[in-house]
Amino acid sequence: TEIAVSVHQPEATTLAQGGSLPAGDVAKFRLRLMEEHLGGQSEVLLEPHSEECNDYVRGVCQSNWENYISDDSPCVDGHLILYPMSVSADGEIRDIEGVDCFPDTAAKIEGITSAMLPMKLTT
């Protein structure tokens, strides 16, 4: 179960701090939440806008995906994995080569058109 909370610290906004990233309790909460989802801590998470942070998160998610599909390692460190689709530079979306279904089901990753549900809900 996920719980949504709405919190605001006017004194800790980017504008109130002269352009630097927020460092109030809400920002600390978000950092802890991200660390929990990733299954670990890293200094690069303190700069969420950086390419290093993006590379770190993508690497953790890639590692979790590889552990998820592995027969040897049934556990993942966190709760985030890369969705098993690739997006080309021109925006074309396709399955990752050699992976048609989620490993623990017969459910196709790309999905199929439903005869009963509208396209809005299934694509």
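**Ground rules.** I number residues from 1 along each chain as its sequence is written, and I leave hydrogens and water out, using heavy atoms for side-chain values.

**Confidence.** I looked up pLDDT, the predictor's confidence in each residue from 0 to 100, and found that the protein averages 84, with 94% of the residues scoring at least 70. Confidence is highest in helix 2, at 92, and lowest in helix 3 (residues 119-122), at a mean of 70. For elements I follow DSSP runs numbered from the N terminus, with helices (H or I) of at least four residues and strands (E) of at least two. I remind myself that where pLDDT is low, the predicted coordinates should not be read in detail.

**Largest pocket.** I took a pocket to be an open set of points on a 1 Å grid over the protein atoms alone, with protein on both sides within 12 Å along at least five of seven lines; a cavity is instead a set where a 1.4 Å probe fits but cannot get out, and lining residues have an atom within 4 Å of a point. Points are joined across faces, edges and corners, and the volume is the space filled by probe spheres set on them. The largest pocket comes to about 320 Å³. I count 13 lining residues, of which A27, L31, L45, L46 and P48 are the closest to the centre. Helix 1 (25-38) and helix 2 (51-69) are the elements that give two or more residues to this lining, and helix 1 gives the most, with 5 residues. I sorted the lining by class (Ala, Val, Leu, Ile, Met, Phe, Trp, Tyr, Cys and Pro as nonpolar; Asp, Glu, Lys and Arg as charged; the others, Gly among them, as polar), which gave 11 nonpolar, no polar and 2 charged residues.

**N64.** I found N64 in helix 2, where it is buried at a relative accessible area of 1%; buried means under 20%, exposed over 50% and partly exposed in between, with a 1.4 Å probe and protein chains only. Not counting residues up to four places away in sequence, N64 touches L38, V76, D77, G78, L80 and I81, a contact being heavy atoms within 4.5 Å.

**Aromatic pairs.** I paired rings of Phe, Tyr and Trp (its six-membered ring) when their centres lie within 6.5 Å, calling planes under 30 degrees apart stacked, over 60 edge-to-face and the rest tilted. By this rule I count 2 aromatic pairs. W65 and Y68 form a tilted pair, 5.7 Å centre to centre with 45° between the planes. Both residues lie in helix 2, 3 residues apart, about one turn of the helix; W65 is buried at 4% relative accessibility, whereas Y68 is partly exposed at 32%.

**Loop residues.** A107 is in the loop between strand 2 and helix 3 and is partly exposed at 36% relative accessibility. I list D100, C101 and F102 as its contacts, not counting residues up to four places away in sequence.

Definitions and conventions: Predicted model: local features only at pLDDT ≥ 70, side-chain atom pairs only at ≥ 80, totals over all residues.
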